[in-house]
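Dear colleague,

Please find the structure below, handed over for your use. My notes on what was found in it follow directly after.

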Amino acid sequence: MKVSQNQLQDLLELTVTDQVITRTKNEVDGLRNSPVLAQLQIDLRASSTKYIEANNKADGLKLELKRVETDLGTVEQRIKRDNITLHSTGSARDAMGIQNELKSLAKRKGDLEEVSLELMEQLAQAEAELEVHTSERAQIEAKLRAETESLQATAAKLISGLSLRVADRDQLASRIPTELLELHQAKAKRGVPVGRLIHRECGACNMTITAAALQELLNAPADELISCPECAAILVR
């Protein structure tokens, strides 16, 4: 196949452009699959689980404390009412019964106060734990948000550059004859399609060409398409 030096240079530039486009696409995919982002998402899920557990624990203790305080209020009202009744009764038998009930109520009150104190201590500890997990989750969310914004900004910059590269490639490809372009695309499916011949080395596969093969390549007419005997890439002399 006959080819001009300008067409060979276009093929070489097309190959470099394709490599840059592929590399940029891989970089964008790498950003979308960022290990840092993935780890932060894992950390956030773990932190959220701890937060929910701590929050549920604190809420449960609040409900239990409220129930105990309600019971305690009921007992105190009973004690107050029985004391009034005790001072107003004229029956010794009724007074004795009321006094026995007041003893039971006093014991019940003491038990409830003890339980209330224990629950308040547990609640204080649970709320302290909740505060720790709330702060931890907020910090991870902030890091995740910052990392996401940074990755999005980098990706947007890469995609913008990629769009320009694709436009340049389309313009470049339009200058290359269809037959030559199809040959380039066919070779690109197997590896680097075009490379510069530098001394005895192929710029596509970096293999050293034998002296005999090199001499044959150099003896070919300047407008004849030559290929690397090792990788079959088009060579630019």
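Angles under 35 degrees count as roughly parallel, over 145 as roughly antiparallel, 65 to 115 as roughly perpendicular, and the rest as oblique. Axes are lines fitted to C-alpha atoms, for helices over the stretch in contact, with angles running from 0 to 180 degrees between N-to-C directions. Helices (H or I, at least four residues) and strands (E, at least two) are DSSP runs, numbered from the N terminus.

The model is predicted: local features need pLDDT of at least 70, side-chain atom pairs count only at pLDDT 80 or more, and totals for chains, interfaces and linings use all residues. Residues are numbered from 1 along each chain as its sequence is written, and side-chain values use heavy atoms, with hydrogens and water left out.

Helix packing

Helix α1 (residues 5-32) and helix α4 (residues 178-188) have axes that come within 11 Å and cross at roughly 40°. The two helices are therefore oblique to each other. On the α1 side, Gln 7, Leu 11, Leu 14, Thr 15 and Asp 18 meet Leu 180, Leu 181 and His 184 of α4, where contact means heavy atoms within 4.5 Å. By class, this contact has four nonpolar, three polar and one charged residues (Ala, Val, Leu, Ile, Met, Phe, Trp, Tyr, Cys and Pro count as nonpolar, Asp, Glu, Lys and Arg as charged, and the others, Gly among them, as polar).

With helix α3 (residues 92-174), the axis of α1 comes within 9 Å and crosses at roughly 160°. This makes α1 roughly antiparallel to α3. The crossing of α1 and α3 is left-handed, and the residues of their contact divide into 12 nonpolar, three polar and eight charged.

Salt bridges

The whole structure holds 12 salt bridges (a side-chain nitrogen of Lys or Arg within 4 Å of a carboxyl oxygen of Asp or Glu). One joins the side chains of Asp 10 and Arg 175, at 2.9 Å from N to O. Asp 10 lies in helix α1 and Arg 175 in the loop between α3 and α4, so the pair ties together parts that are 165 residues apart in sequence.

Sheet

Four strands form an open sheet of mixed pairing, in the order β2-β1-β4-β3 (two strands pair if DSSP finds at least two bridges between them). β2 (201-202) and β3 (226-227) stand at the edges with a single partner strand each, so one side of each is left without a neighbour in the sheet. Strand β1 (residues 194-198) runs antiparallel to β2, joined by two bridges; Ile 198 has Glu 201 in β2 as its bridge partner.

Terms used. A crossing is left-handed if the near helix is turned anticlockwise from the far one by less than a right angle, and right-handed if clockwise.
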